[in-house]
Amino acid sequence: MAESSAEGTTTLFSPYKMGRFQLSHRVALAPMTRCRAMNGIPQPALAEYYSQRSTNGGFLITEGTLISPTAAGFPHVPGIYTGEQVEAWKKVVEAVHAKGAIIFCQLWHVGRASHQVYQPGGTGAPISSTSKPISGRWRILMPDGSHGKYPAPRALKTSEIPEVVEHYRQAALNAIAAGFDGIEIHGAHGYLIDQFLKDGINDRTDEYGGSISNRCKFLVQVVQAVAAAIGPDRVGVRVSPAIDHLEATDSNPLNLGLAVIERLNKLQVDWGSKLTYLHVTQPRYTAYGQTESGRHGSEEEEARLMRTWRRAYQGTFMCSGGFTRKLGMEAVALGDADLVSYGRLFISNPDLVLRLKVNAPLNRYIRAYFYTQDPVKGYTDYPFLNKGSESHEPLSRL
């Protein structure tokens, strides 16, 4: 049975005005790599997958979408840098819009979290802020399904960075040409932008390294370029100051988050227009469900970080990372978030919004199918509530 709330209390199912977009609820589809875009081209299965998870007035963010041929770190992830890719994405966007939903394309470059096999011609070192590789404690998924070692990256020359910024700008224009309502800049989870932000990775001695101001410079330039191209009100930014995924550590996550937010706030004042949202991942998240050190920070510390950033940011604030129905309801009721994005629970529950609203049992997701190329199994074959439900486990065990 659905939980009741006091009159006037904000819930996950309260409407929300997100800049130019009117949302009917606050449950967003988080970006999730699924490896179903064969040879980088979105397939018909992607249109079905995103359409299944669309609701009237709902908000979706695509999986990480490559901005250039050097950007990949997984097999069969989609791109948005060729005409063929743009044309293929149009069919996905049309399917989502037909359901009345809003969809942003997440722009992605993995930086050093790549391998020669994913680089143009199958050769060449991945690019990064640094020449330090990710250690052997982490393994990269290879095209044949095996796991390999991350190679040493090549630190970008100062003179090369504007070209990468241009790749983000052009990818944003391509996304709008494909019909997307906007884009999200992926500045989180140990990928390229995060490799510039975090002092545990960034060892540069030029204007992009050293001080926190210098380390924020690349992100700021990307945001400025993309916003100038398509408008700030079509741009979201995702960051994860406290996440150590792929060894993306920082000596002072709180201050790093505040520094990023200070610069985004200033840009918004300068523009006289707000970004669509800031998307921040909870410290409790990693892809493997725990921090690299094997333990989480205290819930109190997590809450302090997130609430400090939430209070500092002047605009729509979205949270992600390990949310259940209960945690999501609490976050919006307490004002800790305007929106909550769900990932893994959305994989196995295409009608997650309905299930959360009526507090129905959830289908169990199958990890073995997260990153396969099967266009149906573990992708579009999870049942809807009105078509019967798979066996399920308590959310605490999912």
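Leaving out neighbours within four places in sequence, Y50 is in contact with L29, L60, I61, T62, E63, W89, V92, V96 and I103. This is a predicted model, and the chain averages a pLDDT of 93, with 92% of the residues scoring at least 70. Y50 is also among the residues with the most contacts inside the largest nonpolar core, which has 106 residues.

**Nonpolar cores**

- Alongside Y50, the residues with the most contacts inside the largest core are Y168, I183, I185, F218 and Y342.
- Helix α5, spanning residues 212-230, supplies the largest share of this core with nine residues.
- In soluble globular proteins, nonpolar side chains tend to be buried together.

**Packing of α5 against α3**

- Two packed helices are described by the angle between their axes and the distance between the axes.
- For helix α3 (residues 161-177) and α5, the axes come within 9 Å and cross at roughly 35°; the crossing is right-handed.
- On the α3 side the contact is made by I161, V164, V165, Y168, R169, A172, L173 and I176, and on the α5 side by F218, Q221, V222, A225, V226, A229 and I230.
- By class, this contact has 13 nonpolar residues, one polar residue and one charged residue.
- Y168 of α3 and F218 of α5 take part in this contact, and both are listed among the residues with the most contacts inside the largest core.

**Packing of α5 against α6**

- The axes of α5 and helix α6 (residues 253-271) come within 10 Å and cross at roughly 35°, and α5 passes α6 in a right-handed crossing.
- From α5, the contact involves I212, S213, R215, C216, L219, V220, V223, Q224 and A227; from α6, it involves N255, L256, A259, V260, R263, L264, L267 and W271.
- The classes represented in the contact of α5 with α6 are 12 nonpolar, three polar and two charged residues.

**Two buried tyrosines**

- Y277 is located in strand β12, which covers residues 277-281.
- Y277 counts as buried because its relative accessibility is 0%.
- Beyond four places in sequence, the contacts of Y277 are M18, F59, I61, F104, E184, V235, G236, V237, Y313, T316 and M318.
- Y277 and Y191 are separated by 86 residues in sequence and by 20 Å in space, C-alpha to C-alpha.
- Y150 lies in the loop between β8 (147-149) and β9 (154-155), and its relative accessible area of 8% is the reason why Y150 is classed as buried.
- Residues up to four places away aside, Y150 touches R112, A113, S114, P133, I134, W138, R139, I140 and L246.
- Y150 and T249 are 99 residues apart in sequence and 17 Å apart in space, C-alpha to C-alpha.

**Confidence along the chain**

- Where pLDDT is low, the predicted coordinates should not be read in detail.

Conventions. Residues are numbered from 1 along each chain as its sequence is written. This is a predicted model: local features need pLDDT of at least 70, side-chain atom pairs count only at pLDDT 80 or more; totals for chains, interfaces and linings use all residues. Side-chain values use heavy atoms; hydrogens and water are left out. A nonpolar core is a set of buried Ala, Val, Leu, Ile, Met, Phe, Trp, Tyr and Cys residues joined through side-chain atoms within 4.5 Å. Buried means under 20% relative accessible area, exposed over 50%, partly exposed in between (1.4 Å probe, protein chains only). Helices (H or I, at least four residues) and strands (E, at least two) are DSSP runs, numbered from the N terminus. Contact means heavy atoms within 4.5 Å. Axes are lines fitted to C-alpha atoms, for helices over the stretch in contact, and angles run from 0 to 180 degrees between N-to-C directions. A crossing is left-handed if the near helix is turned anticlockwise from the far one by less than a right angle, and right-handed if clockwise. Ala, Val, Leu, Ile, Met, Phe, Trp, Tyr, Cys and Pro count as nonpolar, Asp, Glu, Lys and Arg as charged, and the others, Gly among them, as polar. pLDDT is the predictor's confidence in each residue, from 0 to 100.
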